[in-house]
Structure formats: C-alpha cells, structure tokens
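Subject: Structure handover

Hello,

Here is the structure for your files. My notes on what was found in it follow below.

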Amino acid sequence: MRIIVGRNSAWAKAVLVFVLVFVGNSEGRAQTKASEKDWLAVVEAAKKEGKVVVAGSPDPVMRNEVIPKFTARFGIPVEFVAGRSSQIVSRVETERASGIFSIDVFLAGPDTSANELYNDKMIDPLKPLLIMPEVADGSKWKNGKVWFADPQEQFVVRAFSSVATLLFINTDHVKPDELRGMKDLLNPKWRGKISTEDPTATGAGSNKAARFYLQVGEEFVKNLYIDQKSVRTRERRQMTDWLARGTQPICLDCREDDVRPLVKDGFKVLEIFDMTGAAPTINGSPWMLSLANKAPHPKAAQVFANWILAKEGLETYARGYGSATLRTDVDESFLNPGNIPKKGVKYFDDTDWKWIVGGRHENREKVWKLLKAAK
Amino acid sequence: MDSTTATTLPRWRRLRPRPIRVAEFSFLIFLAVAMGLPLLFLLTGSFNLSAPGKPALYGLDNWIRAFTDGGTLSALGMSFLLSVVRLVPAMILSVLFAWLIARTDMPGGKFIEAICWIAYFVPDFPLVLAWILLLDPNFGVLNGVAKSLPGVDGAIFNPYGFWGIVWVHTSTGGIWFKVILLVPVFRRLGATLEEAARVAGANTTTMLWRITLPVLAPMILAVSVLSFIRGLQSFNTELLLGTPAGIYVYSTKIYDFLQREPRAYGEATALGSVFLLVLAVLLFFYWKFLRGGKKFTVVTGQGYSTLKVKLGKWRHVACAGCLLYVAVTMLLPLTFLVIGSFMRRYGFFNIASPFTLNHWHNMLSDPIFLIALKNSLIIASATAVGGVLLYSALAYLLVSRRTITAPLLESLCWIPHVLPGILLSLGVLWLFLATPLRFFLYGSVWGIAVALILADSPVTTQAFKAGLLQLGADLEESARVSGASWSYTYRRVLLPLLAPIAAAVGLMNFGSALTSISTPVLLYSHQSRPLAILLLEYSFTGELERAAALGLLITVIIAVMMLVGRKLGLQLAGSE
Amino acid sequence: MSAPVLEFRQVVKRFGSVNAVDGVSFTIERGEIFTLLGPSGCGKTTTLRLVAGLEEPDGGEIFIAGKCVAAPARGLYLAPEKRHLGMVFQSYAIWPHLTVFENVAFPLRVRREANPMVRQRVDQALEVVGLGGFGERGATQLSGGQQQRVALARALVYQPEILLLDEPLSNLDAKLREQMRVEIRALQKKLGLTVLYVTHDQAEAMTLSDRIAVVNRGRFVQVGTPEEVYERPLTEFAASFLGRMVSFTGIVRRNSAAYVIEFADASRCALGDHVPNSCTDGGAVQLQTRPEDIAILADGALESHQLSAAVEQVAYLGESFEYHVCAHGVSFVLTAAKKHRYQAGDKIRLALDPARLKIGPV
C-alpha cells in the first residue's frame with residue numbers, strides 16, 4: 001500500500017478513501033443491525049452481574065432520579081460512591097495498589113478525568129462498548145458522533161457542552177446595563193461587592209481566574225481580584241446567600257443549580273453569559289464518562305454507560321442539573337436559552353483537553369503568583 | 001542430663017512471658033501496626049516524587065514545595081496565634097465550669113453538664129452559619145438590635161476576622177469538650193485534700209490554685225494539649241469566617257494540597273508533620289512534668305468521699321453565670337439552627353412562606369437515610385464499647401508503672417490526634433488493604449468502627465489514665481492479694497470504679513463516631529455509609545437546611561444516648 | 001520437719017539504681033508474728049510487697065510454705081492471687097463501690113465458694129473483728145477504725161497462709177491503735193495465724209512481735225526477739241532506732257588497774273575494767289547507754305560511774321517527770337519518779353549502770 005501511495009499518491013488516496021468509506025459504511029450498517037442483538041445480550045449478562053458501582057459527585061439528581069430510573073429500566077441496582085473526586089480517586093488508587101477493583105463507572109470532572117483517570121491509566125477504552133443503538137447512532141449527536149475528548153478518542157466521553165456562566169448579578173443592586181464589558185467590573189462602585197470562590201485554592205475560583213488571565217490579561221486579574229477587594233469564600237452556599245442578600249450582588253462563581261432555587265423564591269438574580277472583552281465560553285459540566293479497567297461488573301458498567309448517554313439518562317441529568325447535552329434528541333426547552341451554544345459563534349472551550357492538562361495549570365500558577373505577590 | 005539443661009536455660013528462655021509483658025508487647029505491636037504503620041506509610045509517601053503507580057523516586061521536593069509555598073509560614077503563625085488565644089480563656093473557663101459542676105453545691109450543675117455534652121456534638125458547620133446570621137455587619141440580627149440602641153452607629157459586631165473566629169470557637173469547639181473531660185476527674189478528687197486546705201486556712205481561690213489545680217495538673221495538661229492540637233487543626237470556622245477577611249490558617253493550607261488535582265498528599269503530609277513536631281515537644285514537657293507521677297495518686301479507698309464545697313450566696317451567682325454563658329454561646333445559635341432546619345432557605349425570613357417541613361420530610365424519606373442510621377448506630381456502639389475496653393486496658397498499662405515502653409506506647413497512641421483526619425483516613429485505608437483482614441474490614445461498618453477506635457485513642461486513653469492515676473493502686477492490689485486474677489480484678493473492681501469515666505468516655509466516642517466525617521470518608525462503601533457521610537453529601541451539594549436537620553437529629557440521638565449512658569454508668573458505679 | 005511458712009533467700013529488688021531490698025534472707029515459722037521495723041523508705045514495705053507478689057524480685061528466691069513463688073534466675077514468678085495470702089493495706093483499700101459484706105466476701109467469691117458458705121464465713125469474720133451486723137453498710141459510710149476492721153476481716157476470711165499487715169494502725173488514733181494492737185495479738189493467737197507485720201513504730205513492734213527484723217537501707221540489720229533486739233542491738237542503727245541511746249565521747253586513761261574516761265572539760269568518770277582491748281590508753285572512746293539506764297543520784301549518794309549534768313527543762317507527765325538534761329555537751333531526756341523534784345538550772349549527778357554500758361573506740 002505504501003508503495004502504491006508512493007507511486008501515484010493522488011489516485012491511490014482516492015481509491016483508498018473510497019474503499020475505506022464503503023467498507024466502513026457497510027460494516028457500520030451491519031453492526032447497527034447486529035448491535036440490537038448484542039445489546040440485549042450485554043443487558044442479560046449485566047443482570048447476571050447483579051449490580052454496578054458508580055463513582056461521582058453527590059448531586060441530588062443522581063441519587064433521586066438517575067439511579068432510580070436506571071434500576072427501574074434494567075433491574076440492576078446501582079451502588080453510588082459519592083464524594084469529592086479527589087477523595088474518590090485517592091481511595092481508588094490505594095485500593096488498586098492492593099489489587100482491589102471496586103468501581104465500574106466514573107462520572108468525574110474534566111480535571112480528574114484527564115489528569116488522574118486517563119493519565120494514571122485507570123480506565124478502559126469505552127468506544128467499542130457503546131453499542132446501544134441510540135448511542136451508537138451518530139445522527140443523534142450534535143457532532144455527528146459520540147465525542148471522545150481524550151487524545152486517543154477512546155476513553156473519555158464528553159456528553160455536555162453548555163455555555164458557561166460568566167457571572168451572576170442581583171438586579172436589585174446591579175442593573176444589567178451597568179455591566180456590559182469586562183472593564184465595567186473594575187468600576188470603583190463594585191469595590192467589595194464582587195464575590196468569588198477563593199482563587200488561591202484549586203476549584204472554580206482559580207479556574208475562572210485562569211480563564212480571565214488568558215482571555216482578558218494579567219492586569220485585569222490583578223485589578224479584579226485585588227484592587228476591587230473581591231470577597232473570597234470557600235463555601236459555595238455563602239456566595240449564593242451573599243448574592244441573594246445583595247451584600248455582594250456580583251458573584252463570579254455561584255453555581256447554576258444553587259441559584260435556580262433563588263429565582264424560584266423571587267430573588268432578582270440574573271445569569272450573565274457574555275460580556276465584551278471576554279470570549280464566550282462553553283464547558284462540559286457536570287461530568288465526563290469513563291469506565292474503570294478491571295471493573296468488577298464490566299457488563300453492567302457497559303449497560304450503565306450506554307444508558308446514561310442515551311436520551312433517557314442524559315435528559316434526566318440535564319434537566320436536573322441545567323446543562324445542555326450533546327445529544328440532538330434531548331428536550332432543551334427547560335434550559336435557560338443562554339445555556340445553549342449558538343451556531344456560528346466561536347466559543348472558548350473551558351473543558352478542552354489541552355487546556356485542562358496544560359494551559360489552565362500554567363495560567364493558574366501565574367494567577368497564584370500574582371495574588372501572592374500582591375499580598 | 002535433664003537437670004543440667006533445666007538450670008542452664010538460654011537467657012531468652014529465662015525471660016518467661018509474664019502476663020503484663022505479654023499485654024504490653026501485644027499493645028505495642030498493635031499500636032505500632034495500627035498507628036505507626038499508617039504514619040510511616042504517609043511519611044514515606046511524602047518523599048515519593050513519582051506519580052501513583054509509577055516506580056518510586058525519592059526526594060525532598062514535596063517538602064520543599066510545601067514549606068516554600070507562599071503563605072505557608074504566615075498561615076502556621078496565624079494558626080498558633082489563634083490556637084493560643086483561644087486556649088487560654090477556654091481552659092480557665094472550663095476548669096472553673098468543671099470545678100463548679102463537680103466540686104461545689106452550685107445548683108443545676110448536672111443540667112449544665114448535660115448541656116455541655118449536647119453542645120459538644122452540635123455539628124459546627126451550621127452553627128458557624130448561625131453566628132454569621134447573628135453577627136454579620138450587613139444583616140446580622142444582633143447588629144440590628146445593637147443599632148436600635150442609642151449611641152450606636154453602624155455595625156458593632158463583625159464575625160469575619162480574627163476575633164470573630166475566636167468568639168465563634170467558644171461556641172463550637174469551645175469549652176464543652178474540655179468540661180466533659182474534666183468533670184469526671186474533678187469528681188474523683190478526694191474531698192479530704194480540699195478540706196485539708198480549707199482547714200489550713202485557705203480560702204476557695206487559694207485552695208483551687210494551690211491544691212486542686214496542681215493535683216489535677218496531669219489531666220488539665222493533657223486536656224490542654226489535646227485542645228491545642230485540635231485548635232491547630234480546626235478548619236470549618238476558619239474557612240467560613242477567615243477567607244472573606246483574608247485570614248488563612250495552616251489547616252486550610254493542608255486542605256488545599258489535599259484538594260489539588262493531581263492530589264498533593266506528599267505536600268499535605270509534609271505540612272501535617274509539623275503537628276507531629278508540636279506533639280513531640282508537648283509530650284516531652286508532659287513527661288518531664290509528670291516524672292515521679294505517683295505523687296498524683298490522691299484518691300484511695302480511704303479518702304473516697306464526695307463532700308462538696310459550699311459556695312454560700314455565690315452559688316446562685318455561679319449558676320447564673322454558667323447559664324448565661326451557655327445561653328449566649330450555645331442556645332442562641334442553636335435556636336437559629338433549629339429554626340434553620342424548618343426554613344425553606346436558611347436565614348432568609350423575607351421570602352414568601354419561609355417555613356417548611358420539607359427538609360425533615362425529605363431527609364426522613366430518603367431511602368438511604370434508614371440504612372445510614374442503622375450503620376451509624378452499629379458503628380457508634382462498636383466504637384464506644386471497643387474504645388472503652390481497649391483503652392482502659394492500655395491506660396492501665398501506662399499507669400501501672402511496670403511497663404518498660406510506656407513513653408513509646410503513649411507517643412504511639414497520640415498519633416491519631418495529630419494527623420489531619422483525612423490523612424489518618426488514608427493511612428488506615430492503606431493499612432486495611434495491606435492486611436489479610438481487608439475483606440472483613442474494608443468497606444464494612446466494622447472497618448469504620450476500627451478506624452474510629454484508632455482515632456479516639458488519645459482522648460480515651462488520657463481520660464482513663466487520669467481516672468486510674470487517681471484511684472490509686474491499693475484498691476487493685478488488695479484484690480490481687482485476695483486471690484482475684486487480673487481479669488477478675490479488672491471486671492469486678494477497676495471497671496466498676498471507672499464506670500463513670502467509662503460511661504463518659506464511651507458516650508464521647510459514641511458521639512464522635514456519629515459525627516466524624518474525615519475518618520470514614522475514605523473507608524465507607526455503599527452498604528456501610530454512615531449518617532455523617534450523608535451529612536457531608538448534603539453540605540457538599542449545598543443542601544444546608546437538610547444538613548441542619550440531619551445534624552440536629554444526630555445531636556438528638558446523642559442526647560438520648562447520654563441520658564441512657566449516664567444512668568447505666570451510675571448504676572455500674574453502684575452509687576447514687 | 002515442716003518447711004517455714006515464708007523464706008527469703010538473698011532477695012534483691014532494685015528501683016532504678018537503688019537497691020530497695022538488698023540481698024535479704026530470713027524465714028518465718030508457722031504461728032509467729034514477724035515484724036519488719038524500720039524508718040520509712042528502708043525497704044520494709046517493698047519486702048512485704050515482694051511476699052505478696054505485688055513486686056517482682058530482681059534476684060534471690062522466695063518460698064511460701066516450701067513452695068517457690070519467685071525466683072527470677074529461673075524465670076519463676078507466681079501471681080499474687082495464687083499465693084493464698086491476706087493483706088491489709090495502710091489505706092485499707094476498701095472498695096467504695098461494694099458493701100461491707102461484699103468487700104469481705106470478695107476473696108471467697110473469687111474462689112467460687114457457694115453462697116451459704118460465703119455468708120457463714122463472712123458473718124464469722126465480721127464477728128471476729130467486731131463488726132457483726134455491719135454487712136449491708138456502704139463501705140464509705142464507715143469510720144477509719146471500722147474500715148480497718150473490714151480490711152482485716154477481708155484478709156482473714158479465707159484463712160491465708162500468711163497475713164500481711166502494712167502499717168495497719170498508722171491511720172488510727174492513739175487509743176484505738178492500742179486497742180487494735182491487743183486485738184490483733186489475741187486474734188493471731190486464737191486463729192494460729194502467721195503474720196508479717198510492717199511498721200515504723202517501735203512500741204507497736206515490741207508489743208506485738210514474736211520476732212523483729214530491724215531494716216535499714218534494704219538490709220536486715222538484726223533479727224531477734226524484741227528483747228534481744230532491744231537489749232543487745234548489734235549496730236548503732238538498731239540501737240538508736242529501737243528506743244533512744246545516749247552516747248558520750250572522751251579519751252581513755254589507764255589508771256593502774258582501772259580505766260577512766262576524760263571528757264573535754266577535764267572531768268573524769270571511772271569505767272572499771274569493762275573496757276575492751278581495742279581501747280588503748282590515750283585513744284578516743286565512746287560510751288553508749290539507754291537513757292532509762294541512767295539514774296539521777298540523790299544528794300550525797302555516791303556511785304563509781306557518775307557524771308555531772310544540768311537540768312535544762314522540766315515536763316510534768318502526771319505519773320512522772322521528764323527532765324531534759326545536758327551532760328558533757330550531750331542533751332537527752334530522762335524520766336524520773338516524782339519523789340525528787342529538780343528545777344531547770346539545777347546541777348545534778350547521774351549514775352550509769354556499768355552492766356548496761358557499751359564502751360568502744362570511736
């Protein structure tokens with residue numbers, strides 16, 4: 001083949017592409033038909049395994065809705081190991097060092113997925129296992145196929161792509177008109193009125209600061225976090241309450257699912273996605289999906305992974321959490337329209353693999369250096 | 001032939017295993033394995049520079065990085081400052097409380113003691129939030145009240161900052177823990193000692209200062225050490241009140257390293273080792289101070305009497321003072337906490353229909369709740385009973401003065417107190433996985449109970465030691481000469497005499513087992529998830545109201561156990 | 001021949017670098033009261049605790065009723081509960097959580113005696129110590145004397161091989177102490193008990209004991225009947241610890257066949273011919289005698305061994321006078337009958353009893 005290419009590369013390439021496309025397609029179709037049967041066989045095998053162990057963040061939607069629905073559908077109980085991903089990972093790593101393999105499925109944040117699970121080779125290729133027809137069917141996905149975020153496009157599935165919140169404001173105290181561009185945040189009027197998750201620690205606060213450092217620049221970060229005397233906290237509930245009371249009516253790092261109840265209770269809270277001076281941004285929150293290697297219940301894990309990427313699973317999660325999925329068939333009417341990425345807009349991807357494993361760390365280190373120097 | 005071999009046994013054969021040596025070395029092995037190995041594992045790990053799963057590569061980089069990281073040293077300074085500033089008044093107050101409760105005729109002493117018990121187990125996280133609601137310069141209720149006073153302009157209270165943290169600690173950790181530990185010790189003090197001082201012409205203050213306190217010095221010292229280290233590790237209050245004011249403490253730094261991705265356990269352990277150093281220094285002085293400690297054997301069968309100091313007209317003043325303190329530092333925020341658990345949004349009174357039963361309803365109807373409750377009760381009971389049996393025996397060994405490795409034993413059993421909870425948890429996790437018992441211990445309620453028992457070792461051992469030191473050896477020795485074996489003596493003489501302390505310590509272990517989060521966090525499984533982990537999950541996802549409800553429920557369980565436990569303890573003691 | 005009830009062979013017990021018991025050997029025969037007498041810290045209580053098994057010796061061997069109970073060289077050590085002893089502690093060690101009855105019954109319960117037997121023996125024991133009917137009292141409701149009796153009843157209730165008494169009377173008032181002394185003696189005779197008694201009170205030791213061991217610095221200085229020990233103390237320590245001892249020093253002068261002692265003030269006192277050969281002419285010599293062997297000479301009476309002295313202080317004891325006297329720079333106390341009365345400042349003459357005088361080189 002290489003020789004042919006060497007002799008007449010244009011012709012050879014055309015043939016090659018044709019062959020590949022044809023063979024691939026026919027194979028694909030055959031697979032689709034076969035997969036119906038395969039899928040049912042996997043489900044049967046999964047039931048025999050008796051349960052599936054899922055590790056993830058203790059979001060109420062997971063416990064109250066996703067798990068009961070899955071168990072109702074397949075009759076397979078779910079053991080949910082919930083907690084901070086850093087804790088879960090240290091535990092799993094220690095277990096593995098002793099030859100214990102307890103987890104089947106990881107629903108982990110991008111950082112953990114990329115820097116720990118993938119990097120430390122704790123997960124198996126997932127691509128060949130996605131055989132549930134409505135998952136394998138590329139037409140059901142906005143990208144035309146399941147989005148594997150890792151460089152090998154085999155291990156880590158990204159299921160969400162949602163416009164990221166830039167900040168929240170309490171409109172009783174801040175008029176949307178007063179914040180049009182990023183530099184408006186530096187208005188002395190807002191000194192001490194902006195709350196942020198502590199940017200000196202890892203987490204949402206420093207992630208956002210890293211993003212600002214990249215998108216808006218060092219001077220802005222210094223002005224915003226230091227000169228504006230932005231109030232720091234480690235407790236997300238504290239920021240949300242400050243936002244509601246208006247003591248700090250601009251909140252950089254409040255979480256959407258925390259703020260939603262405020263809106264229901266009649267607080268005038270507005271989510272802002274876009275301001276001039278900062279690139280519009282999307283992210284893959286709340287999780288990325290991967291399957292543990294040497295999983296104790298591999299078939300059940302496969303069933304769970306397929307189902308959570310199918311319409312029922314993903315829609316349940318998206319509805320509870322408020323993120324836009326990458327599926328085409330999920331109802332998005334309940335989402336804040338601002339969350340749904342618009343066609344034609346070029347977004348900065350906050351969950352981009354390279355950014356996660358490299359760029360964000362570098363920018364974060366620069367932010368930390370800056371903040372510590374200022375102190 | 002036979003006779004020659006009999007008389008010239010090799011030296012090791014002549015070292016016949018005597019029961020006390022056997023016990024001592026069993027404990028030594030147990031403690032070395034259970035407390036020393038996890039520590040060793042963590043320390044080794046802290047020098048390992050390569051990523052998990054990769055071949056180990058050793059160096060000092062983690063340590064250098066940890067201590068040169070900006071703010072580490074200033075945070076350490078702040079932690080020491082806070083810890084000392086908190087400790088001094090809290091110690092004075094708690095000694096005073098304990099003395100009033102145990103040694104005087106102050107009315108309501110039992111009641112105040114009970115309050116201290118309950119107060120100690122009220123979860124601190126919602127309590128700090130209650131203080132914020134009370135003291136916040138913008139919306140704090142107390143500031144509102146103060147503003148209406150003439151001559152007051154603007155907010156006079158501000159919880160965010162150094163003094164805010166100090167104040168809130170009087171309510172959360174505060175004196176409760178210390179009073180709980182000190183009261184039984186004061187109770188055991190021979191009345192004759194105080195009476196002799198009175199007869200010798202000492203007034204109450206002189207007596208307290210010259211007799212009571214010096215006699216109880218070992219325990220007061222131990223409680224101070226325990227509290228000081230606990231203060232260094234304190235965390236929640238500093239996070240909520242310190243961060244907005246730019247105050248960072250050492251424990252926050254450790255927490256940061258633990259939360260990093262990829263995790264920096266090496267750096268966290270390096271920082272945590274400072275606590276070991278502090279402990280080593282404190283233990284050194286402790287041992288130095290206690291050398292020749294037999295002089296503290298003050299309560300023997302003879303002086304056993306519980307006559308109380310008459311305070312006269314001051315008894316009501318004392319009672320009122322105690323109650324006022326309790327009301328301000330506990331009742332006030334606790335009321336907010338109770339109300340908070342019935343509010344749709346904690347602390348927001350102005351929203352439409354602010355009150356609801358939903359959080360309680362949601363909590364009680366959560367299918368996980370009942371399982372977690374059952375797990376928690378099993379874990380806590382096992383921890384309480386196991387801790388009492390194990391550490392009363394260990395304390396006995398330490399006090400008996402027949403051990404040759406007492407300082408080593410004692411130092412080992414302090415380790416769990418100085419390791420930040422999550423590091424201890426990691427060490428224990430590793431230990432479990434490394435033993436053949438792992439299929440029994442790992443992920444099961446029993447494993448969590450074992451870990452909690454390990455975590456309880458310093459407090460429990462110290463409490464028993466104090467009790468035993470004051471009982472005196474005669475009571476035990478006379479039983480031995482009467483023909484009772486050690487175990488019979490232990491059951492029939494020592495345990496009943498220690499029953500009040502055992503009941504108190506058991507109850508305390510029960511309570512901490514119910515409320516401990518950091519110890520089980522790496523050890524629980526789906527089937528063995530305890531209530532505290534549920535509480536963690538609620539607060540992790542911001543369900544503060546449900547967390548408040550669950551926290552209160554845990555407190556109620558402890559309160560009920562306390563009533564039962566005290567009754568049982570007193571019955572065992574055969575008195576009152 | 002039956003073995004002694006208790007035998008120590010070269011027993012050593014060290015605390016750190018101090019030899020609390022330093023190579024002690026002795027035996028106790030059945031039915032005797034053997035007293036360890038010495039100042040506090042001399043090792044007598046440690047010796048007792050070695051018998052009880054509350055301490056382990058570092059060397060030597062201990063036998064109870066012919067059976068070896070401790071021999072560190074052979075790795076032998078019998079736990080206290082297996083030695084069949086009874087012990088009364090100085091603090092009594094009455095268990096505060098048990099009633100009087102249960103306190104006394106404890107040794108029987110340990111031995112799993114049947115209930116009726118327990119009741120009978122405990123009642124009997126309480127009767128013996130004079131506490132009949134006190135059984136249901138709480139142990140802490142008793143007076144010191146009563147607690148002492150409970151402790152005694154507890155030690156006696158199962159007829160131990162040896163009854164160990166550790167300064168049992170030291171916490172009682174003088175009158176009660178005297179009464180208990182008599183009672184213990186009577187009880188011992190009645191029950192044929194073997195008793196090892198520890199005290200620092202010589203009067204107690206003298207009145208109670210069949211034999212006394214004078215203990216000092218971990219060693220047995222002298223063992224003998226009270227009379228032997230008192231009358232013929234082997235060392236100065238034994239002499240001064242049991243009763244008082246007055247000693248004068250001076251220079252020996254040979255005066256033809258007789259000796260005299262010359263004091264610093266040039267006055268002399270005849271010594272007769274009782275002077276040991278070790279005292280050479282012109283050498284320093286010491287005279288020792290017990291104060292009760294010194295008599296105050298009536299006016300005009302003459303005695304060969306006499307000293308001049310001055311009365312410094314007088315105390316009236318009711319039955320007698322007590323004179324604080326100074327002779328040749330030595331102060332001591334003399335008790336004298338009431339027929340003569342001297343005032344402070346009076347010059348008197350004292351007579352020494354040559355038969356009870358101990359003379360030796362310094």
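In which helix is the place of A:E218? A:E218 is in helix α8 (residues 218-227) of chain A; helices (H or I, at least four residues) and strands (E, at least two) are DSSP runs, numbered from the N terminus.

Before the rest, some ground rules. This is a predicted model, in which local features need pLDDT of at least 70 and side-chain atom pairs count only at pLDDT 80 or more, while totals for chains, interfaces and linings use all residues. Residues are numbered from 1 along each chain as its sequence is written, and chains are lettered from A and ligands numbered from 1 in the order in which they are written.

Chain A

A:E218 counts as partly exposed because it has 15 C-beta neighbours inside 10 Å. For this class, a residue is buried if 20 or more other C-beta atoms lie within 10 Å of its own, exposed if 12 or fewer, and partly exposed in between, with C-beta atoms placed from the backbone. Apart from its neighbours within four places in sequence, A:E218 is in contact with A:Y213 and A:L370; two residues are in contact if their C-beta atoms, placed from the backbone, lie within 7 Å. A:N363 is 145 residues away from A:E218 along the chain, and their C-alpha atoms are separated by 9.7 Å.

Chain A is assigned domain 1 (2-162 + 286-342) and domain 2 (167-277 + 355-374); domain bounds come from an automatic or database domain assignment. The C-alpha centres of these two domains of chain A lie 32 Å apart. Their contact takes eight residues from domain 1 of chain A and seven residues from domain 2 of chain A. On the domain 1 side, helix α5 (residues 110-118) of chain A gives the most, with four residues. By class, that side of domain 1 of chain A has three nonpolar, four polar and one charged residues. Here Ala, Val, Leu, Ile, Met, Phe, Trp, Tyr, Cys and Pro count as nonpolar, Asp, Glu, Lys and Arg as charged, and the others, Gly among them, as polar.

One helix pair in chain A can be described in detail. The axes of helix α11 (residues 298-309) and helix α12 (residues 311-321) of chain A come within 4 Å and cross at roughly 65°. Axes are lines fitted to C-alpha atoms, for helices over the stretch in contact, and angles run from 0 to 180 degrees between N-to-C directions. A:W307, A:I308 and A:L309 of α11(A) make the contact with A:E312, A:G313 and A:L314 of α12(A). These residues divide into four nonpolar, one polar and one charged.

Chain B has 27 helices and zero strands. Of its 576 residues, 52% count as buried. Among contacts in chain B between residues at least 6 apart in sequence, 77% join residues at least 24 apart.

Two pairs of chains touch, and the most contacts are between chains A and B. In that interface, 36 residues of chain B are in contact with 41 residues of chain A. On the chain B side, the elements giving two or more residues are α13 (236-242), α14 (250-259), α20 (421-434) and α26 (531-540) of chain B. The most comes from α20(B), with five residues. The chain B side divides into 21 nonpolar, nine polar and six charged residues.

Chain C

Chain A and chain C do not touch, and their nearest C-alpha atoms are 44 Å apart. Chain C has eight helices and 21 strands, and buried residues make up 39% of its 362 residues. Its C-alpha trace spans about 80 × 50 × 40 Å along its principal axes. Chain C is divided into domain 1 (6-241) and domain 2 (246-357), with 41 Å between the centres of the two, taken over C-alpha atoms.

An open sheet of five strands in chain C has the order β2-β1-β4-β5-β6, with antiparallel pairing; two strands pair if DSSP finds at least two bridges between them. β2 (18-28) and β6 (76-77) of chain C stand at the edges, each with a single partner strand, so one side of each is left without a neighbour in the sheet. Two bridges join β5 (residues 67-71) of chain C to β6(C), and C:A71 stands opposite C:L76 in β6(C).

Confidence

The predictor gives the complex an ipTM of 0.77 and a pTM of 0.75. The mean pLDDT of chain C is 85, and 99% of its residues reach 70 or more; pLDDT is the predictor's confidence in each residue, from 0 to 100.

Regards
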